[in-house]
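User: I'm new to this one. Could you walk me through how to read it?

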Amino acid sequence: MVIRDKQALRRCVKQAARRAPVTETLLRFRPESGPLGVDAALAGLPRHRGAGAPLHPDTAAFYAALEALDLPSYDLARARAEAEGYERDAYLRALLDAMRAERAYVVVPLSRAQETAFPDARLAPLLAVDDAAFEAGRYGVHYERDAQRIAAAMRACGARELLCEAGEDALRFALLPMGEDEGFRLHVGLRSLQEARNLAALLERFPGARALAWMRCNLASEQADGERLLVDASAALPQLTVRLSGTENLPYALGKLGSRFLAYAACSPQPEIALGRWLCFKERLHPLLAEAYLPLARAGYELRSEQIEADVRRMLGGCLSENGPADEEIDPAD
């Protein structure tokens, strides 16, 4: 369908954002035993009736999740009872359905690689490696041996994605060469502008390696600057995918990368809150996207709804299949 006026554009973008499937790239949760349900979600919120609690973004996320799950948000006791009526696996499927999750990467410690078994095909392991995986002996760290051990653990649990929580030496001498040789993708959270610059330089040295990178700075200004630095690096390094933490740098990323970036990840250890964060993010996303498309529409560009839907899908997770090994096709009904 061709978009012919401003109101039609806004409706189309809103609908595309709300209906788009998503990829959650950082779910720190144990599907087989982690806490689920109303009480578990409430436990992570600020004091439910305390001062300022209604203004906390996760409070809105919690209530948005209840509505999406068809649980009565106006009656928490009843919502609790209805949630407890689900079988665990069925409740987890309902959460993923409401999130429109095409894929959710679940963090799996290296020590539990052999124990990984998920109840839903949309859940995939994200093997986490920290500095403890690289033990120094009398002659230093044997990076090649440790990389081979990590690669074997990834094959054992079926992981194609690796979360790097180790230092730069582990990246340089083990994980990036291993990613290049084995076809794994590295997920890297960066704490400073210098770490972002160093990663970009390393990726130039390992052109076959694939990485998903995001900033996790304490200072908001450094976070914003770091995201723009990563966007600039990604424009020159197609093997690098950038994940934003919100909408502040969305116009900048659109201008530099088109839709070849990840706009968001909920990063919540609680699936209900992750669901709610995605719902709230989509409501912030669509007005900004409509404004980004508006100059094209005004200039007479033949903007089609199918193109908008493809762009939204790409920036909410579809771009990952273009950057690194593609996952097998998933049937959400599985």
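User: What order do the strands of the open sheet have, and what pairing?

Analyst: Before that, a word on the model: it is predicted, with local features needing pLDDT of at least 70 and side-chain atom pairs pLDDT 80 or more, while totals for chains, interfaces and linings use all residues. Residues count from 1 along each chain as its sequence is written, and side-chain values use heavy atoms, leaving out hydrogens and water. Strands (E, at least two residues) and helices (H or I, at least four) are DSSP runs numbered from the N terminus, and two strands pair if DSSP finds at least two bridges between them. Here, 7 strands form an open sheet in the order 1-2-3-6-7-8-9, with parallel pairing.

User: Which strands stand at the edges?

Analyst: Strand 1 (22–27) and strand 9 (240–242) do; each has a single partner strand, so one side of each lacks a neighbour in the sheet. Strand 9 runs parallel to strand 8 (residues 210–215), joined by 3 bridges; in one of these strands, strand 9, V242 is the bridge partner of A213.

User: How many cavities of 30 Å³ or more are there, and what lines the largest cavity?

Analyst: A cavity is a set of points on a 1 Å grid over the protein atoms alone where a 1.4 Å probe fits but cannot get out, and lining residues have an atom within 4 Å of a point. This structure has 1 of them at 30 Å³ or more, and the largest holds about 40 Å³ of space. Its lining includes E24, L92 and P271. Helix 5 (88–99) gives the largest share, 3 residues.

Note on methods
On a 1 Å grid over the protein atoms alone, a cavity is a set of points where a 1.4 Å probe fits but cannot get out, and a pocket is an open set with protein on both sides within 12 Å along at least five of seven lines; lining residues have an atom within 4 Å of a point. Grid points are joined across faces, edges and corners, and a volume is the space filled by probe spheres set on the points.
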